[in-house]
Amino acid sequence: QDIKSETEKWRNLYHQKESEHSRAEQKLLILEQQLEKVASCEKVVEHKALMAASASAALEEDMRQFASSLQAQNESLSEELAMTKAALVEVCVAKEQQESRADGLEAELALCKGETVSYTHLTLSKKRRGEITCSGE
């Protein structure tokens, strides 16, 4: 009877350990599956990080090109503004010369008619024509 009960005890212990081993294997299998999922997620994250870095580099290059384009446009517009200012100065100088000549002709005509010509008369005639003084700015 002792041998039989001892055998039964060891058999029960064996089944218990076998059951624990089976549960441990199942847990190990679940952990391995979870580890595979984690590894897969890591690969996705790495891929997305590479894509983000690539997009960031492309955006930086686009921004550099845009800044370069804006600088070129600014330089072009500055040159155009300088030429426009120079042309405006020329037009103003020509206008002043024409007004001066017109004032001289007006004074000559008044003198030919025998009228008295004064500085005030010439100044008033300029104001009637809407004189604009050009400073070159």
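Which side chains meet in a salt bridge with an N to O distance of 3.6 Å? They are the side chains of Glu20 and Lys17, where a salt bridge is taken to be a side-chain nitrogen of Lys or Arg within 4 Å of a carboxyl oxygen of Asp or Glu.

The model is predicted, so that local features need pLDDT of at least 70 and side-chain atom pairs count only at pLDDT 80 or more, while totals for chains, interfaces and linings use all residues. Residues are numbered from 1 along each chain as its sequence is written, and side-chain values use heavy atoms, with hydrogens and water left out.

The protein chain holds two helices and zero strands, these being DSSP runs numbered from the N terminus (H or I and at least four residues for helices, E and at least two for strands). Of the 137 residues in the chain, 4% are buried, a word that stands for under 20% relative accessible area, with exposed meaning over 50% and partly exposed the range in between (1.4 Å probe, protein chains only). The accessible surface of the chain comes to about 12200 Å², and 59% of that area belongs to carbon and sulfur atoms; the areas come from the Shrake-Rupley method with a 1.4 Å probe, and for residues only the protein chains shown count as cover.

A search of the whole structure finds four salt bridges, and the table includes three of them.

| Salt bridge | N to O distance |
|---|---|
| Arg11 and Glu8 | 3.4 Å |
| Glu20 and Lys17 | 3.6 Å |
| Lys95 and Glu99 | 2.6 Å |

Side chains of opposite charge can pair when their charged atoms come close. Arg11 and Glu8 both lie in helix α1, which covers residues 2-112, and they are three residues apart, or about one turn of the helix. Glu20 and Lys17 are likewise in helix α1, with a spacing of three residues that also amounts to about one turn. Lys95 and Glu99 are separated by about one helical turn because they stand four residues apart in helix α1.

In the pair named at the outset, Glu20 is partly exposed with 32% relative accessibility, and Lys17 is partly exposed with 46%.
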